[in-house]
Amino acid sequence: MNQKLEDILNLALETPEEQRQQTETLNVGFDSELRTWELIVKYHGSLAVLETLGVTVEYLIAGYAILTVPENLVDAVAELEQIEYVEKPKRFFYSQVSPTGDRCFPPVTMRAPFLTGEGVLLAVLDSGIDWNRRDFRKENGETRIRFLWDQTLEPDGRENDAAARNADVGQGIEAMGQGPRRSPLGFVQGVEFTEQQINAALAADTEAERFALLPSRDVSGHGTAVAGIAAGYDRENGYSGAAPGAALLIVKMGLPGELGFPRTTEIMRGITYALIRANELQLPMVINLSFGNSYGSHDGSSLLERFLDNAAEIGRTVICVGSGNEGDAGGHVAGDVRENGTVELAVGEYEQTLNVQIWKNYSDVYRFFLRSPGGSETELPMQVEQGKYTVELEQTRVLVYMGEPRPYAVPQEIYLDMIPAEGMYINSGVWSIRMEPVKVVTGRYYLYLPGSAARSGNTRFFRPTPEVTLTTPSTAAKVITVGAYNQIFDSYADFSGRGYTDSERTIGVVTAGLTKPDLVAPGVDILAPDTFGGYAAVTGTSFATPIVAGSTALLMEWGIVRGNDPFLYGEKVKSYLRKGARPLRGEQAYPNERVGWGALCVAESLPG
């Protein structure tokens, strides 16, 4: 061992390149194409002799220099009398957190079994992807995206049938890149791009030519960030997502010509599409859903929740869903009508519309009174024709719907939708909803406002209930529901949607003992690819979820791809992640409604 070389440089020089590449630090400074090392030296005298050996010298101040040395000359350079000491460069990170910065990743990614997610398909249903970035390419420059379905693009008018598709495939890559654009077989919305078509676009000479061949863009950057956190990899920039070896399937959700968020139907189409493609590719799959809304009884009974439960049982599939960012948003209140039947709601200025959901047990009978900021009050009759009617209070028109239990769900919903009766805005100020018990069995009630992204920050309940603020569809029973923790303080992040271990909750499947969230992952200042070619810090459960999705891909690689456990999918993955979860500061009992079974720890989730 050369005493002039630092220990880590000695180790790097003694380690085969293939193994160095699997580590985070040992290969830093080595150029695999030029076969050179970049070294930092402390020296005295002159280094002119090095230039005659083909070594590039960059002189710094105070007797320091940077050398670019052919790998076969490193020992000879170190032996020179002028060279006092030699170090290799290290990678420095921003103060934001890398997706794999958690201490529970390196034991399985930087050491044996060196997991990367290879052989697993990671499906991201989101706002699209910047497919041109290096983060989503292989070492040879080709794409890691097996399929990209942009639901917002208009397909060509040619008949969408299998025969036409097979004819196009026979024409080769170039023809596919420039040929008719169609929806995936069996769907009528959007345009599908294959791996070959993406590679054809990447091979084009100019950016204009690339996007002419593949005109899909991630306008918001949300999907690019999510995909990067889950599976991005750029050696040049030292960036790695949780599963940098996983193959990608991307669904950009939405409708042509619309700027809004996707609907339930786009989500369900995307899930179905992903299942079909995973079956064709014969790959185990993780699906990442980093979105949600606040509508519903939050008990797993909606069609979307049930749909996801069914999807999670098809093939070798795991679905990861974020718990939302409504924990501290003041959009939910729950209580017992016998203790306090009045709920006060602050409505901010310039609200053009607002809805309030009231959920209760159908066995309970309450009288409802609605009071406006100016003091006008009206009773909402429970028995009306077709269950709906309209009332006006001041300049606000309130559409009221008195629901009944559904064939697949037991709770009753009372839905209030406020719109301007005159002018552009509903009345701002303090509204109140008063509930008087007529017949009490459970006495419970649950009220929800739209998600915080859809209302003013000044619109919220005065005494909100943070529990059961997780968003739909993270409320589905068979998905892995992911909350966020603040990795800086190693504690629960207050914005993260909370769930339940609530024995008093009296509606829906919650009473079966379901616990949500399942676990939490880092969710504050996570470093992620942006759509400008760089990296930016992002915060929210949207970005904690792909860390768990990527971790799931690592487990499935270990189990299914490498043959250690061919049944490591579905609920079994959830059990392993729960078992490996570690404690967090400030949490006394597990599982709980804030962090579930604890914080993600990949290393502890692998058996053995």
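Reply:
**Charged pairs and their surroundings**

Aspartate 530 forms a salt bridge with arginine 133, and the closest N and O atoms are 3.7 Å apart. A salt bridge here is a side-chain nitrogen of Lys or Arg within 4 Å of a carboxyl oxygen of Asp or Glu. The model is predicted, so local features need pLDDT of at least 70 and side-chain atom pairs count only at pLDDT 80 or more, while totals for chains, interfaces and linings use all residues. Residues are numbered from 1 along each chain as its sequence is written, and side-chain values use heavy atoms, with hydrogens and water left out.

Where do aspartate 530 and arginine 133 lie? Aspartate 530 is in the loop between β28 and β29, and arginine 133 is in the loop between β6 (121-126) and β7 (145-150), so the pair ties together parts that are 397 residues apart in sequence. Helices (H or I, at least four residues) and strands (E, at least two) are DSSP runs, numbered from the N terminus. Aspartate 530 has a relative accessible area of 17% and is buried; arginine 133 is buried too, at 6%. The cut-offs are under 20% relative accessible area for buried, over 50% for exposed, and partly exposed in between, with a 1.4 Å probe and protein chains only.

Threonine 531 is also in the loop between β28 (526-529) and β29 (535-538). Its relative accessibility is 26%, so threonine 531 counts as partly exposed. Contact means heavy atoms within 4.5 Å. Leaving out residues up to four places away in sequence, threonine 531 touches Asp130, Asp218, Gly221 and Thr224. Valine 219 is 312 residues from threonine 531 in sequence, yet the two are 8.0 Å apart in space, C-alpha to C-alpha.

The structure holds 29 salt bridges. One of them joins glutamate 557 to arginine 562, with 3.1 Å between the closest N and O atoms. Glutamate 557 counts as buried at 3% relative accessibility, whereas arginine 562 counts as partly exposed at 38%. Glutamate 587 forms a salt bridge with arginine 594, the closest N and O atoms being 3.0 Å apart. Here glutamate 587 is buried at 10% relative accessibility, and arginine 594 is partly exposed at 24%. Salt bridges that share partners also join Arg367, Arg371, Glu377, Glu379, Arg434 and Glu436 into one network.

Side chains of opposite charge can pair when their charged atoms come close. Arginine 210, in helix α9 (residues 207-213), is buried yet has no salt bridge. The nearest side chain of opposite charge to arginine 210 is glutamate 207, 7.2 Å away; Lys and Arg count as positive and Asp and Glu as negative, and His and the chain ends are not counted. Not counting residues up to four places away in sequence, arginine 210 touches Trp131, Asn132, Arg137, Ala201, Leu202 and Ala204.
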